[in-house]
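Let's take a walk through a protein fold together, one piece at a time. Keep the picture open beside you and turn it as you read.

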Amino acid sequence: MPSRQDIVTFHDPPAPPGESPWVDGAGPEVGVDLADPHPAWPDAFAEIAARLRDALGWRAISIEHVGSTSVPGLVAKPIIDVDLVVADPTDEAAYLPALEAAGFVLRVREPWWFEHRALRLPQPRCNLHVFGPDSPEPVKHRIFRDWLRGNADDRDRYAAAKRSAAAAANAQGEHTMQYNARKEQAVREIYDRAFRAAGLVTD
């Protein structure tokens, strides 16, 4: 399990020299298309989760709907973000062929960041993030999701930050990683309030 300190720390290591996280020529998409909240998003997650369980069985330690589509009332890119925890992300033979057979395509491999893997499903549109049990990222994502679900003021602040970041990124022809950077300050401010409310940060 991740430590308390790891949960509240933002780990953003750059790719080592000469390394790229992108697989087979993949890369971040240019342009940010935000959509109003849609009642079909939870059903899309349920469909994706069922596909993952069928593909992996008990190898799927946990499957969580995270990201903005998991928060009712929040604008979002219409792509379902899912965190999948497996025993060992480095053992790709134990899960990747089954995911590929289910329609997922590997796009990112980041051994330097908690052995994160990311896959894309075209329909329903999904970004699947694979982590191990010791990674703090799935815990962090659930805290952020649940805080926004329970705190309308921060949900609205985050929505405003997303709209502002998307407008600026689209005006400059930027890709999604740059859009994420533009809203990072708002994200970290919200995390700080959520961590303090949970008792994870007390100073």
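Before anything else, keep in mind that this is a predicted model. Let's begin with two helices, α5 (residues 152-171) and α7 (residues 184-198). Their axes come within 10 Å and cross at roughly 165°. Any angle over 145 degrees counts as roughly antiparallel, so α5 and α7 are roughly antiparallel to each other. The crossing of these two helices, α5 and α7, is left-handed. Which residues make the contact? On the α5 side you'll find Asp154, Arg157, Tyr158 and Ala161, and on the α7 side Ala186, Val187, Ile190 and Arg193. Sort the residues of this α5 and α7 contact by class and you get five nonpolar, three charged and no polar ones.

The contact of α4 with α5 has five nonpolar residues, one polar and two charged.

Helix α4 also packs against α7, with the axes 10 Å apart and an angle of about 90°. That makes α4 roughly perpendicular to α7. From α4, the residues taking part are Lys140, His141, Ile143, Phe144, Trp147 and Leu148. They meet Val187, Ile190, Tyr191, Arg193, Ala194, Phe195 and Ala197 of α7. By class, the contact of α4 with α7 has ten nonpolar residues, one polar and two charged.

Time to turn to the strands. In what order do the five strands line up in the sheet? The order is β1-β2-β5-β4-β3, in an open sheet with mixed pairing. At the edges stand β1 (62-66) and β3 (105-110); each has a single partner strand, so one side of each is left without a neighbour in the sheet. Going from one strand to the next, the twist averages 20°.

Over at β3 and β4, the strands run antiparallel, and five bridges join them. Val105, for instance, has Arg120 in β4 as its bridge partner. These two strands, β3 and β4, form a hairpin with five residues between them, and in that hairpin Phe114 takes a positive phi near 55°.

A couple of backbone details deserve a stop. Where does the chain have a cis peptide bond? That bond joins Gln123 and Pro124, with omega at about -10°. Pro124 lies in the loop between β4 and β5. Asp24, a residue other than glycine, has a positive phi near 55°. You'll find Asp24 in the loop between α1 (4-8) and α2.

Finally, zoom out to the whole chain. How many helices and strands are there? The count is seven helices and five strands. Starting at the N terminus, the elements follow one another as α-α-β-β-α-β-β-β-α-α-α-α. The radius of gyration is 17 Å, close to the 17 Å that the globule rule gives for 203 residues, so the chain is as compact as a globular protein of that length. Along its principal axes, the C-alpha trace spans about 45 × 40 × 40 Å.

Technical notes
Residues numbered from 1 in each chain as written. Predicted model: local features only at pLDDT ≥ 70, side-chain atom pairs only at ≥ 80, totals over all residues. Heavy atoms only, no water. Axes fitted to C-alpha atoms, helices over the stretch in contact; angles between N-to-C directions. Helix = DSSP H or I, 4+ residues; strand = E, 2+ residues; numbered from the N terminus. Parallel < 35°, antiparallel > 145°, perpendicular 65-115°, else oblique. Left-handed = near helix turned anticlockwise from the far one by under 90°. Contact = heavy atoms within 4.5 Å. Nonpolar A, V, L, I, M, F, W, Y, C, P; charged D, E, K, R; others polar. Pairing = 2+ DSSP bridges. Rg over C-alpha atoms; globule rule 2.2 N^0.38 Å.
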